[in-house]
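Please look at the sequence and the 3D structure together, and keep both in view while you read.

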Amino acid sequence: MTTSPKILAVGGAHIDRRGQVAGPYVPAASNPGTMREDVGGGVFNALRSLVRRGVSASLLSLRGGDASGETVSRAIAASGIADLSAVFLDRTTPSYTALIDRDGELIVGFADMALYDLAFAKQIRRAKVREVVAAADAILCDANLPTAALERLVALAGARPVFAIAISPAKVVRLMPVLGSLALLFMNRREAVALAGVDADASEQGLVEGLRRAGLASGVVTAGGAPVLGFDGDGLFAVAPSAPRRIADVTGAGDALAGATIAALLRGLSLRAALREGVAAATLAIESCDAVPGFTAASFAEALALVPQPREVA
């Protein structure tokens, strides 16, 4: 790849609301806690990590002509990302609301993203999109796009590597028709199980075999604090995360991992070496209240030094 790679991301950039329960979570009851709001989305969060790791980035997303849309626009500009998004004045900007427990683990997420389903397929057919795809070294997408839009985007990409983020167990299946064309797919274990069509308690090897049967040649599977699985043509391996100094919020850690891993791959690193950088970025995200923390080169190097070398999985 080039020394200053350019990536085009197509997917989610929307309002993220995170409510954290102050004490033990009690189902079907009022739980005291705090609610905060910022801008997130799978590819947007990943792009912020990519930019921090030296990649030039542009983003094509969709938003409404409301105050939330203005907030999203300002956040994209502040992150140093070129904004190619379409604005629908009569629509509501998509949002994601997550309820997390006092330890930072997700209880439930609620996605209000009808605009993505409505308009992404049409946007991908615009002549301008063909131009920006042609100018990019790589493509990043997420499963907020409907299948028709994903198929069109992959066709436009041609020989360029296409990276993808699964988003959720319900949405990851949208990627099935294009799995064979992906350079790498990032998913958590629940999403991987849904895609592979295996039992929830399948072994690591069984899970990866199912993903390979589905057509995926290379992937990354996270599972909370458990080792991160990676697989490609060279086999299956695991990278154990270092213990975070504190757990502020796990929301966005997977996206931070994806961004830093892709940045390292675009610099020419192997998946094994790149995933160590992704794990370092995820650890920094978990320690921060922000989905993508404002890490420096020094703090990133410090976090990376604590990540163990990959372990081969037989």
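Arginine 17 has glutamate 37, in strand E3, as its bridge partner. The strands and helices named here are DSSP runs, numbered from the N terminus, with at least four residues (H or I) for a helix and at least two (E) for a strand. The model is a predicted one, in which local features need pLDDT of at least 70 and side-chain atom pairs count only at pLDDT 80 or more, while totals for chains, interfaces and linings use all residues. Residues are numbered from 1 along each chain as its sequence is written, and side-chain values use heavy atoms, with hydrogens and water left out.

Strand E2 (residues 14-21) and E3 pair in the antiparallel sense over 8 bridges, where two strands count as paired if DSSP finds at least two bridges between them. Strands of a sheet pair through backbone hydrogen bonds, either parallel or antiparallel. E2 is also joined to strand E8 (residues 95-100), by 6 bridges and in the parallel sense, and within E8 the bridge partner of glycine 19 is leucine 99. E8 in turn is joined to E9 by 6 bridges, and these two strands run antiparallel; here isoleucine 100 has leucine 106, in E9, as its bridge partner. In the hairpin of E8 and E9, 5 residues lie between the strands, and glycine 104 takes a positive phi near 90 degrees.

Put together, these strands give an open sheet of 4 strands in the order E3-E2-E8-E9, with mixed pairing. Strand E3 (33-40) and strand E9 (106-112) stand at the edges with a single partner strand each, so one side of each is left without a neighbour in the sheet. From one strand to the next, the twist averages 15 degrees. Helix H1 (residues 42-52) packs on this sheet and touches E2 and E3, its direction making about 75 degrees with that of E3; axes are lines fitted to C-alpha atoms, for helices over the stretch in contact, and angles run from 0 to 180 degrees between N-to-C directions. Helix H2 (residues 67-78) also packs on the sheet, touching E2 and E3, and its direction makes about 95 degrees with that of E2.

A second open sheet has 10 strands, in the order E6-E4-E1-E10-E11-E12-E13-E14-E15-E16, and its pairing is mixed. Its edge strands are strand E6 (82-83) and strand E16 (311-312), each of which pairs on one side only. Strand E4 (residues 56-60) is joined to E6 by 2 bridges, and the two run parallel, with serine 58 standing opposite alanine 82 in E6. H1 lies across E1, E4, E10 and E11, running at about 145 degrees to E10. Helix H7 (residues 189-196) packs on the sheet as well, touching strand E12 (184-188) and E13, and its direction makes about 115 degrees with that of E12.

Next, consider a helix and its surroundings. Helix H5 (residues 147-157) has Ala149, Leu150, Leu153, Val154, Leu156 and Ala157 buried, where buried means under 20% relative accessible area, exposed over 50%, and partly exposed in between (1.4 Å probe, protein chains only). Seen down the axis of H5, these buried residues fall within an arc of 160 degrees, so they line one face of the helix; the arc is that of the directions from the helix axis to the C-beta atoms. Their cover includes strand E1 (6-10), helix H3 (114-124), helix H4 (127-135), strand E10 (138-142) and strand E11 (162-165). H4 and H5 pack at an angle of about 50 degrees, with their axes 9 Å apart. In this packing, Val129, Arg130 and Val133 in H4 meet Arg152, Leu153, Leu156 and Ala157 in H5, contact being heavy atoms within 4.5 Å. After H5 comes glycine 158, whose phi is positive, near 60 degrees.

Two single residues complete the tour. Proline 227, in the loop between strand E13 (219-222) and strand E14 (228-232), has a relative accessibility of 34% and therefore counts as partly exposed. Proline 227 lies 13 residues from alanine 240 in sequence, and the two are 4.1 Å apart in space, C-alpha to C-alpha. Alanine 263, in helix H9 (residues 253-266), has 0% relative accessibility and so counts as buried. Not counting residues up to four places away in sequence, alanine 263 touches Leu50, Arg53 and Val55.
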